[in-house]
Each structure stands twice: as structure tokens, then as C-alpha cells.
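This report describes how the parts of one structure meet. The sequence and the structure come first, and the description follows.

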Protein chains: 2
Amino acid sequence: MLSKSCQHGIKAMICIKKNAQKSKPVSIGEVSSKINVPEAYTSKILQRLVKAGMHKSKKGVNGGFYIENRLLDKLTLWHIVNEIDGVNLKYGCVLGLDDCSNQHPCPVHNEYKSIRQNLITFFENTYLTDLTENMVKSLFDKAYVNK
Amino acid sequence: MLSKSCQHGIKAMICIKKNAQKSKPVSIGEVSSKINVPEAYTSKILQRLVKAGMHKSKKGVNGGFYIENRLLDKLTLWHIVNEIDGVNLKYGCVLGLDDCSNQHPCPVHNEYKSIRQNLITFFENTYLTDLTENMVKSLFDKAYVNK
DNA sequence: ATCAAATCGGACACGAATGTCCGAATTGAG
DNA sequence: CTCAATTCGGACATTCGTGTCCGATTTGAT
């Protein structure tokens with residue numbers, strides 16, 4: 001469904017958002033150990049999301065990642081998913097046909113439309129802010145994280 | 001969403017079903033050229049579906065693949081999808097957590113449940129028989145098939 | 001000014017899904 | 001019986017997403 005990079009991206013952003021109130025940015029080391037994903041890999045994904053304008057990074061001592069205040073309650077899972085797995089999810093044909101469209105529909109094109117829209121809407125409606133401390137705690141429970 | 005093997009499996013089964021009325025089984029060569037997937041690869045996928053009891057194969061001259069009459073109007077996309085991508089679709093956590101469950105839900109476990117069920121129901125409700133000649137023709141249109 | 005702490009970026013390594021090859025086994029036609 | 005047509009099965013090759021390494025760059029503290 002979602003690629004690992006995308007899954008890790010979501011977990012990382014949740015982790016960064018969780019620490020948004022602190023004055024200090026969160027370092028890669030902290031994020032990666034919290035979500036149990038290798039540091040270098042986490043780094044790559046966060047770099048990509050920074051470039052996409054999702055959050056900011058700061059080099060040097062006391063540097064790290066942080067989310068701007070104006071974006072804090074705007075960010076949804078879709079922002080992340082769209083950046084990393086977007087093209088495939090939005091436009092990919094269920095059966096993998098190259099040019100599946102309203103003009104040249106695959107056998108289940110029309111039926112699948114609403115399913116795909118459900119999924120996208122689900123991501124669009126899930127704001128990082130809405131994920132409460134309680135909902136998020138399983139993410140950082142070492143016994144259950146990672147695949 | 002679906003693996004290529006799964007997508008090819010669906011296309012192949014649609015192709016075999018389309019020829020079900022003929023007395024003669026359909027050969028791998030015929031199927032693979034129709035759906036524009038390499039012969040050896042198609043073969044591997046169809047072997048797997050035969051083992052899963054979805055259809056039958058017959059070796060030797062005039063051999064090939066065919067669907068038993070008693071199954072012709074029973075087969076759904078879910079039979080195929082479940083066999084090839086099933087575990088992941090049915091039980092996989094959106095965020096990739098190892099043990100995401102009602103007991104240890106990930107941050108979006110409960111919200112995602114109905115999305116996943118929608119998808120499964122869509123496959124369950126799509127019978128091979130329901131895919132009419134007209135719906136299916138784009139599948140075999142060389143200009144638009146394959147990825 | 002220097003140095004340590006951090007991100008950045010590119011090249012490389014690994015692993016799993018995808019795809020290929022070829023010989024073995026089976027079957028029916030002649 | 002023999003042979004050609006076909007599926008079967010295992011080993012191999014390729015590709016691509018995943019993950020690693022390391023040096024370059026930036027930044028702030030002292």
C-alpha cells in the first residue's frame with residue numbers, strides 16, 4: 001500500500017510534530033531512535049520532505065528539524081504521502097495499465113475510482129495535530145515498532 | 001497498491017475466462033501475448049493460481065489452462081488478490097508497524113479499518129463473469145497495455 | 001578563529017520483487 | 001512407440017526500493 005519510505009516519513013513527521021512545542025529542533029538521531037529506523041535512511045527521507053516545504057532543517061550545533069508554526073495545524077498525512085508515493089496512488093491503474101483513463105478505462109476503472117478517492121480523503125482528513133499523545137504512543141513503543 | 005504479479009494474475013485470469021466457452025484450454029503463449037506479459041513470468045503466476053485451486057492446467061498437446069464450469073461464475077478478483085497479495089492487504093499496518101492490532105493500534109489503526117474493508121469488499125464483489133466483453137477490451141488493446 | 005555538532009549529497013551495497021532460461025515431466029496425435 | 005506440444009520446477013539474472021558510508025558544508029559556542 002504505502003512504501004516503507006513513506007511509512008517512515010509519516011512516523012518521523014509525527015515524532016517531529018510531537019516535539020514542536022520545545023524551543024530546540026529535533027535531531028535526526030533522536031527521530032531515528034524514536035521511530036526505530038536507521039539514521040542515514042531517516043535523514044534521506046526528512047531531507048526530501050524539507051525540500052517539499054513540509055518542514056525546516058537547521059544545520060550546526062543545536063540544529064535539527066522543526067515545523068513552522070504557521071504549518072503546524074495545516075499538515076496532513078496526505079502532504080507526506082503525496083510527496084513520496086503520490087503519483088502512483090493518484091494516477092496508477094489498479095491493473096497496472098499504462099494509459100488507463102476515462103477514455104480508455106481498464107475493466108474496473110470506474111468502480112475503483114471511489115475506492116481510491118476514499119483512501120486519498122482519509123489521508124487528507126488526517127491532520128498531524130489530530131494525532132493525540134495517546135494515539136501516538138504505540139509508535140514509540142519499542143516492543144512493537146518496525147518491520 | 002497491488003504487486004505486478006497480482007495485476008498480471010488478474011489480467012491472465014480474465015483472458016482465460018474470456019475463452020472459457022471454447023472446448024480447448026488456452027495456452028500460456030496465447031495468454032501472455034494477449035496481456036503483453038512475458039511467457040515465463042505469466043507461467044509462474046498461473047502455476048501459482050492453479051495450486052491455489054483457482055483453475056486447472058493440462059499438459060501436452062492441446063493443453064493449457066481452463067476454468068472448471070462449477071467455478072466460472074464464482075471467481076472474484078479477491079480470489080486472485082488474496083492468493084498473491086493477500087496477507088499484506090488483509091493484515092498489514094498502514095504505517096508498517098509489526099504488531100498493529102486492536103490491542104496495540106497505530107495512530108490511525110481504527111480510521112484505516114474501514115478504508116481497508118472498502119478495498120477488500122470491492123475485490124470480493126467483482127466477479128470475473130461480471131467483466132463484460134466491452135469492459136475487458138481495453139485490456140487487450142496493445143496500444144494501451146503494459147507498464 | 002577554531003572546533004564540534006549537526007545536516008547535506010552523492011556514491012555505493014543489499015535485498016526482495018520481477019523477469020529469464022532451460023531441462024524434466026506429461027500428454028495426446030499419428 | 002515415438003514425437004512434438006505443452007506445463008512444471010528450480011536456478012539464475014535483472015531491476016528497483018531500501019539502506020549505508022563518508023566526506024562536504026553549515027552553524028553556533030567558546
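How far from a phosphate oxygen of DNA strand D does a polar side-chain atom of A:Ser5 lie? The distance is 3.0 Å.

## Basis of the model

The model is predicted, so to speak of local features a pLDDT of at least 70 is needed, side-chain atom pairs count only at pLDDT 80 or more, and totals for chains, interfaces and linings use all residues. Residues are numbered from 1 along each chain as its sequence is written, chains are lettered from A and ligands numbered from 1 in the order in which they are written, and side-chain values use heavy atoms, with hydrogens and water left out.

## DNA strand D

There are 23 residues around DNA strand D, and A:Pro38, A:Tyr41, B:Ile28, B:Lys44 and B:Ser57 come nearest; a residue is near a strand if one of its heavy atoms lies within 4 Å of it. Of the DNA strand D atoms that come within 4 Å of the protein, 63% belong to sugar and phosphate.

A:Lys59 has a polar side-chain atom 3.4 Å from a sugar or linking oxygen of DNA strand D. Two or more residues of the surface near DNA strand D come from each of helix H1 (4-18) and helix H3 (39-51) of chain A, and helix H3 (39-51), strand S1 (56-58) and strand S2 (64-66) of chain B. Helices (H or I, at least four residues) and strands (E, at least two) are DSSP runs, numbered from the N terminus.

## The interface of chains A and B

In chain B, 37 residues are in contact (heavy atoms within 4.5 Å) with 38 residues of chain A. About 3500 Å² is buried between the two chains, with 65% given by carbon and sulfur atoms; this is the accessible area (1.4 Å probe) lost on putting two parts together, summed over both.

Helix H1 (4-18), helix H5 (77-91), helix H6 (109-125) and helix H7 (133-136) of chain B each supply at least two residues of the side that touches chain A. H6(B) gives the most, with seven residues.

## A:His8

A:His8 lies in helix H1 of chain A. The residue is buried, with a relative accessible area of 8%; buried means under 20% (1.4 Å probe, protein chains only). Not counting residues up to four places away in sequence, A:His8 touches A:Ile35, A:Val37, A:Tyr41 and A:Ile45.

Notes. Polar contact = N/O pair within 3.5 Å; in protein donor to acceptor, adjacent residues only side chain to side chain. Buried < 20%, exposed > 50% of the residue type's maximum accessible area, 1.4 Å probe, protein only.
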